[in-house]
Amino acid sequence: MHIALRRAALISATALVLTGCGADSGEDAALTLTFANSYTDDHPHTRCGIDLVADHVEEADVDVAVDTFPNSQLGDNTETFASVMSGDIDMDVQGSAALGSAYEPIGVFDAAYAFDDADHMFSFFDSEASEELKENFEEATDVKILDLWYFGDRHFTANEPIHTPDDLNGLRMRFPDSPIYLANAEALGAEPTAVAFEEVYMALQQGTVDGQENPIATIDADNYTEVQSHVSMTAHQVGSQMIVVSAQTWDSLSEEQQEVLQEAVSSVREDNRACIEEAEEEILGEWEAGGNVEVVDDVDVDTFRDQARTHFEQTLDGEALELYESFRDFR
């Protein structure tokens, strides 16, 4: 859909919600916030994240409701974040790479092997060391970061096993079309092909690309194992998603409403992470039992990690390099 037409549809959808004709959650509230995301209804970020935020806000009874729009109903990631910046959408769930299109340094959160694990990532995000980054991001975009959620470690899928960087030679691997993801491909030794998230399944099915990389829950929710035979556990990125709200929306809320919304988003973080990890364990068990996909768990992660970190230390510069080094130095 053309962006102008998509924007018109979006405005119509938002108007429908604000007049009380949308989901039940907004019928009795003075203000209903639109919360967009690109995930399926059964993805952990939807059922154990965004839906819980809507429930918490409703239960607080502060004349605010949250109406959720999964499955890219309000546009793809690029469109929805642009709409959050303009104030046409109130809230969104976005990876750092997508946010980096508007403020490049924040994309380094998605650099390969930037963090050791999820605990390392959360510790940095919650520290004073991250405050300047958040403030600079808001100043540049007119969008406020409410919190960070765990998305799951990202792994490669293909129709053959990937044990070392050399195994990526000759494979066209789908990566999101953003500077940091394309840099990840180079750091890991992959040949990147940029494909929109909504088009990955078809690209794999038609052979436009040979493989892709995503967390386990996303690989499962989007049925990539129907068209891929191997999942190689590279864990090359501690996946995260930032929960963002338009500064225009935030400033329109009372102090009490701001506190409720912030608490709703932050209180969900641990439940969301547990949901992701439980889903991963269940999915891996199903794959191993079913025999339709091979889980490759003898990946040479040390070689991947050392190669990626050396690459970024040599190629990043300025604020991006300072941020990457602050991740590595932070414990």
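Helices, taken as H or I runs of at least four residues, and strands, taken as E runs of at least two, are DSSP assignments numbered from the N terminus. All views show a predicted model.

**Figure 1. Lining of the largest pocket.** The largest pocket of the predicted model has a volume of about 610 Å³. Its lining comprises 33 residues, of which N77, T78, A98, R174 and P176 lie closest to the pocket centre. At least two lining residues come from each of α3, β3 (91-94), α4, β4, α7 (179-188) and β8 (230-246). Helix α3 makes the greatest contribution, supplying 5 residues. By residue class, the lining of the largest pocket consists of 14 nonpolar, 13 polar and 6 charged residues.

**Figure 2. Lining of the second largest pocket.** The volume of the second largest pocket is about 220 Å³. Among its 14 lining residues, those closest to the centre are E104, P179, I180, L316 and A320. Two or more lining residues are contributed by each of α7 and α13. Helix α7 provides the largest share of this lining, with 3 residues. The lining of the second largest pocket divides into 8 nonpolar, 4 polar and 2 charged residues.

Figure 3. Helix α6 spans residues 131-141, and its buried residues are L133, K134, F137 and T141. When the helix is viewed down its axis, these buried residues fall within an arc of 95°, and they therefore line one face of α6. The elements covering the buried residues of α6 include α3 (77-86), α4 (96-99), α5 (118-125), β4 (143-158) and α14 (318-329).

**Figure 4. Salt bridge between D116 and R309.** The structure contains 10 salt bridges. One of them joins D116 to R309, with the closest N and O atoms 2.9 Å apart. This pair connects distant parts of the chain, since D116 is in the loop between α4 and α5 while R309 belongs to helix α13 (residues 301-315), 193 residues away. R309 is classed as buried because its relative accessible area of 14% falls under 20%. D116, in contrast, has a relative accessibility of 41% and is partly exposed.

**Figure 5. Salt bridge between R269 and D147.** The side chains of R269 and D147 form a salt bridge whose closest N and O atoms are separated by 2.8 Å. R269 is located in helix α12 (residues 269-290) and D147 in strand β4, so the bridge ties together parts that are 122 residues apart in sequence. Both partners fall under the 20% limit for burial. R269 is buried at 9% relative accessibility, and D147 is buried with a relative accessible area of 5%.

Figure 6. R305 and D302 meet in a salt bridge, with an N to O distance of 2.9 Å. R305 is partly exposed at 24% relative accessibility, and D302 is likewise partly exposed, at 48%. Both residues lie in helix α13, 3 residues apart, which is about one turn of the helix. Elsewhere, salt bridges with shared partners join D116, R309 and R328 into one network.

**Figure 7. Surroundings of F175.** F175 is placed in strand β5 (residues 172-175). F175 is buried, as its relative accessible area is 0%. Leaving aside residues up to four places away in sequence, F175 touches F156, Y181, N184, A185, A190, P192, T193, A194, V195 and E213. The C-alpha atoms of F175 and N214 are 9.2 Å apart, whereas the two residues are separated by 39 residues along the chain.

How values were computed: Residues numbered from 1 in each chain as written. Predicted model: local features only at pLDDT ≥ 70, side-chain atom pairs only at ≥ 80, totals over all residues. Heavy atoms only, no water. Buried < 20%, exposed > 50% of the residue type's maximum accessible area, 1.4 Å probe, protein only. Arc of directions from axis to C-beta. Contact = heavy atoms within 4.5 Å. Salt bridge = Lys/Arg side-chain N within 4 Å of Asp/Glu carboxyl O. 1 Å grid on protein atoms, 1.4 Å probe; cavity = no way out; pocket = protein on both sides within 12 Å on 5 of 7 lines; lining within 4 Å. Points joined across faces, edges and corners; volume = space filled by probe spheres on them. Nonpolar A, V, L, I, M, F, W, Y, C, P; charged D, E, K, R; others polar.
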